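Open your viewer and get ready to select residues. We will go from stop to stop.

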Amino acid sequence: LQVDIQVMLSGTGQAVAWYLDEVKVFPNPATGHLNLEYPAAAGPLLGVQVLDTTGKCLYGQSEISNVISLGDFPPGILLVRLTFLKGVATRTVVKQ
């Protein structure tokens, strides 16, 4: 199994980008849950979305937990979008 991972960053400037580059979503591939890990320097986590490859939102949460249950999501490629005060980080994960 080969998994290509894309990292898309957005923010207010280059000084912010390294914070967003440190955002981790694991395990990948995943079966039951995803763990979210990010540096405090990225600012507070304001929201989490899980999207399918068509852009359809499968999960959106503003009350943040560092664990997302994948139980009801179909197998395939998912995009996890984390919105911080200082920018947005998107990670691609595979749900088995």
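**Before you start.** This is a predicted model: local features need pLDDT of at least 70, side-chain atom pairs count only at pLDDT 80 or more, and totals for chains, interfaces and linings use all residues. Residues are numbered from 1 along each chain as its sequence is written, and side-chain values use heavy atoms, with hydrogens and water left out.

**Stop 1: the sheet.** Select β2, β3 and β6. They form an open sheet of 3 strands in the order β2-β3-β6, with antiparallel pairing. β2 (24-26) and β6 (67-69) are the edge strands; each has a single partner strand, so one side of each has no neighbour in the sheet. On average, neighbouring strands here are turned by 20° against each other, direction ignored. That angle is taken between axes, which are lines fitted to C-alpha atoms; angles run from 0 to 180 degrees between N-to-C directions. Strands are DSSP runs (E, at least two residues), numbered from the N terminus. Two strands pair if DSSP finds at least two bridges between them.

Now zoom in on β3 (residues 33-37). It pairs with β6 over 3 bridges, in the antiparallel sense. Pick leucine 34: its bridge partner in β6 is isoleucine 68.

**Stop 2: the salt bridge.** How many salt bridges does the structure hold? It holds 1. Select lysine 24 and glutamate 37, whose side chains meet at 3.9 Å, N to O. Lysine 24 is in strand β2 and glutamate 37 in strand β3, 13 residues apart. The cut-off: a side-chain nitrogen of Lys or Arg within 4 Å of a carboxyl oxygen of Asp or Glu.

Buried means under 20% relative accessible area, exposed over 50%, and partly exposed in between (1.4 Å probe, protein chains only).

**Stop 3: two cis bonds.** Most peptide bonds are trans. Select phenylalanine 26 and proline 27: a cis peptide bond joins them, with omega about 0°. Next, take asparagine 28 and proline 29, also joined by a cis peptide bond, with omega about 5°. Proline 27 lies in the loop between β2 and β3. Proline 29 lies in the loop between β2 and β3 too.

**Stop 4: valine 80.** Find valine 80 in strand β7 (residues 76-84). Valine 80 is buried, at 0% relative accessibility. Leaving aside neighbours within four places in sequence, its contacts (heavy atoms within 4.5 Å) include Val25, Leu34, Ile68 and Gln49. Valine 80 and glutamine 49 are 31 residues apart in sequence, yet 5.8 Å apart in space, C-alpha to C-alpha.

How values were computed: Helix = DSSP H or I, 4+ residues; strand = E, 2+ residues; numbered from the N terminus.
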